[in-house]
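User: Hi, I have a structure to go through and I'm new to this. Can you walk me through it?

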Amino acid sequence: MSRLIFALTTAIAVSVLSVVAIAESGGAGVTIQNYTFNPQTITVAKGTKVTWVNRDDTPHTVVAVDKKFRSQAMDTGESFAKVFDEVGTFSYVCGLHPQMMGTVVVTPSN
Ligand SMILES: [Cu+2]
């Protein structure tokens, strides 16, 4: 029982730390959980770093539909980050599970 509580506490602490780390970097975060990108559409200002973190037990990737960016396979707890310097709408999928879709909308910074 105490082992379970320890595991849960550790998991919560790790999630909180990663959210804090993303907030401190001034970027934005996408969580990958239950074969879903959350949020599915994220809107950021130009120049923002977006970080994806995999919270599934299954590896996932982030692959731009236009092939302009692609992550390595992320295992549980691993992340991928990219700075978006171009205004526009960028659709991406998981290369391993193409039914997983997400979008980054980049707006002008001013
Ligand atoms: Cu996947």
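Analyst: Two strands pair if DSSP finds at least two bridges between them. Helices (H or I, at least four residues) and strands (E, at least two) are DSSP runs, numbered from the N terminus. With that in hand, strand 1 and strand 2 (residues 36-38) pair in the antiparallel sense over three bridges.

User: What kind of model is this, and how are residues numbered?

Analyst: This is a predicted model, where local features need pLDDT of at least 70, side-chain atom pairs count only at pLDDT 80 or more, and totals for chains, interfaces and linings use all residues. Residues are numbered from 1 along each chain as its sequence is written.

User: How many helices and strands are in the protein chain?

Analyst: One helix and eight strands. Along the sequence the pattern reads α-β-β-β-β-β-β-β-β.

User: Back to strand 1 and strand 2. What do they form?

Analyst: A hairpin, with two residues between the strands. Two bridge partners show the pairing: Ile32 goes with Phe37, and Thr31 goes with Asn38.

User: Is Asn34 buried or exposed?

Analyst: Asn34 counts as exposed because it has 10 C-beta neighbours inside 10 Å. Here are the cut-offs: a residue is buried if 20 or more other C-beta atoms lie within 10 Å of its own, exposed if 12 or fewer, and partly exposed in between, with C-beta atoms placed from the backbone.

User: Which residue other than glycine has a phi near 65°?

Analyst: Lys67, and its phi is positive. Lys67 sits in the loop between strand 5 and strand 6. Lys67 has 7 other C-beta atoms within 10 Å, so it is exposed.

User: And which residues does a cis peptide bond join?

Analyst: Asn38 and Pro39, with omega at about 0°. Pro39 lies in the loop between strand 2 and strand 3.

User: Sheets next. Which strand pairs with strand 1 in the parallel sense?

Analyst: Strand 4 (residues 48-54), over five bridges. In that pair, Gly29 stands opposite Thr51.

User: Now the inside. How many residues are in the largest nonpolar core?

Analyst: There are 15, and Val30, Ile32, Trp52 and Val62 have the most contacts inside it. Strand 4 gives the largest share, three residues. A nonpolar core is a set of buried Ala, Val, Leu, Ile, Met, Phe, Trp, Tyr and Cys residues joined through C-beta atoms within 7 Å.

User: Why does Ile32 count as buried?

Analyst: Ile32 is buried because 26 other C-beta atoms lie within 10 Å. Ile32 belongs to strand 1.

User: What is Ile32 in contact with?

Analyst: Leaving aside neighbours within four places in sequence, its contacts include Phe37, Trp52 and His60. Two residues are in contact if their C-beta atoms, placed from the backbone, lie within 7 Å. Ile32 and Trp52 are 20 residues apart in sequence, with C-alpha atoms 6.9 Å apart.

User: Is Val104 buried or exposed?

Analyst: Val104 is buried, with 23 other C-beta atoms within 10 Å. Val104 is in strand 8. Not counting residues up to four places away in sequence, Val104 touches Ile42, Val44, Val50, Phe84 and Phe90.

User: One last thing. What share of the protein chain counts as buried?

Analyst: Of its 110 residues, 23%.
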